Structures are given as structure tokens and as C-alpha cells.
Amino acid sequence: MKFVRGIVAVCALSMIVFGFNSCKKITQDQIINGLWKVDGIYVGANLDNYLNHLQHYTDGNNCCFYKLDFERDGLAFAYYLTYDSLNIVEPGTWYLNSGTEIYLKVGDYIDGTFEIAKPTLKHWKLTSNANYIAGYDSLNPQLDTVYTRIEMEKI
């Protein structure tokens, strides 16, 4: 009887350990497979979409896209396309801390650990209370780390 309890305990512990690991692996596979179109970047208490400040983004008619590409080796690339022209390519890095938390650094405006929320498999929201924005250093160094939300969908 004690032997059976021991086996059950070991099996339960193994399922917990491998279950957490598999959650991280599933999230990694989901994020790597395909490009992500960024629908919005919201910084601080401001409810404005940061992407509206990019040239031509507000022109409408699907003229402009900001995309993220996550590579297996921890590299990330941000692309900004307008009217079929590539305007910006910014390299960066990323890694998963867990199945629900990602560290992402791309360009001067994304550098932090983000919580991953998956309203659907193809629509994710990344939120961070401590995203470091290098561009804010010159304005006010005390305010260079702010709340940031990134809304993106898999293409």
C-alpha cells in the first residue's frame, strides 16, 4: 500500500513538473510560428495608440503594418511597412521566462518583461508595468520605465 502511494506521488509530481515545462514549450511554439501584426502599443496612462505617431500609419486603407518576428534563437525583428515599402527594421532579443511571461527588447521603445494574455490563440496582449523606454531618458530619467501594453495578432 505504501509502495502504491509512493508511485502515485511520484507520478503526480512528474505531471506537475512536466506540465509547467510543456506550457512554456507550447507558448514558445505559438510565438515562433509565424509573423505577428501589432495592432496597438499603449504607453503609460495615455490611451493613444503609439503606432499612430508613425509616418502614414493613420492613412487607413491597410496602408501600414508594424510586424514582429520571433526567431528560435532568441532574435526578434520589428518591421514597419508602408505602402509595400519597408521603412524600419529593428533587431532585438526575446526569451520566455515561463509560459505566461516573456522578456522582449526591440528598438528604443520595448525593453521589459511582459505578462502574456491570450484572449484567443491568434490575439495576444503583452503587458508590462516596467517597460524601459530609452527615448524617455533625455526627457525625464525618473519616468523612463512605464506601463506598456502591446496588442498583436498572428498573421
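The model is predicted, so to speak of local features a pLDDT of at least 70 is needed, side-chain atom pairs count only at pLDDT 80 or more, and totals for chains, interfaces and linings use all residues. Residues are numbered from 1 along each chain as its sequence is written, and side-chain values use heavy atoms, with hydrogens and water left out.

**The whole chain**

Begin with the cartoon view, where you can find one helix and eight strands; helices (H or I, at least four residues) and strands (E, at least two) are DSSP runs, numbered from the N terminus. From the N terminus on, the order is α-β-β-β-β-β-β-β-β. If you then show the surface, its accessible area comes to about 9300 Å², of which 59% belongs to carbon and sulfur atoms, as computed by the Shrake-Rupley method with a 1.4 Å probe. Of the 155 residues, 34% are buried, where buried means under 20% relative accessible area, exposed over 50%, and partly exposed in between (1.4 Å probe, protein chains only).

Next select N33, which sits in the loop between α1 (2-32) and β1 (36-43). Its relative accessible area is 43%, so N33 is partly exposed. Leaving aside residues up to four places away in sequence, N33 touches R72 and K154, a contact being heavy atoms within 4.5 Å. Although N33 and K154 are 121 residues apart along the chain, their C-alpha atoms are separated by 8.8 Å.

**The cysteines**

Now select C63 and C64, which form a disulfide with their sulfur atoms 2.4 Å apart; a disulfide is a pair of cysteine sulfur atoms within 2.5 Å. The structure holds one disulfide, and both C63 and C64 are buried. The torsion about their S-S bond is about -90 degrees, so this disulfide is left-handed. Select C23 as well, which has a relative accessible area of 36% and is therefore partly exposed.

**The largest pocket**

Finally, select I41, Y50, L54, Y66, I88, E90, V106, G107, D108, Y109 and I110, which line the largest pocket. A pocket is an open set of points on a 1 Å grid over the protein atoms alone, where a 1.4 Å probe fits, with protein on both sides within 12 Å along at least five of seven lines, and lining residues have an atom within 4 Å of a point. The volume of this pocket is about 160 Å³, counted as the space filled by probe spheres set on the points, which are joined across faces, edges and corners. Colouring the lining by class gives eight nonpolar, one polar and two charged residues; Ala, Val, Leu, Ile, Met, Phe, Trp, Tyr, Cys and Pro count as nonpolar, Asp, Glu, Lys and Arg as charged, and the others, Gly among them, as polar.
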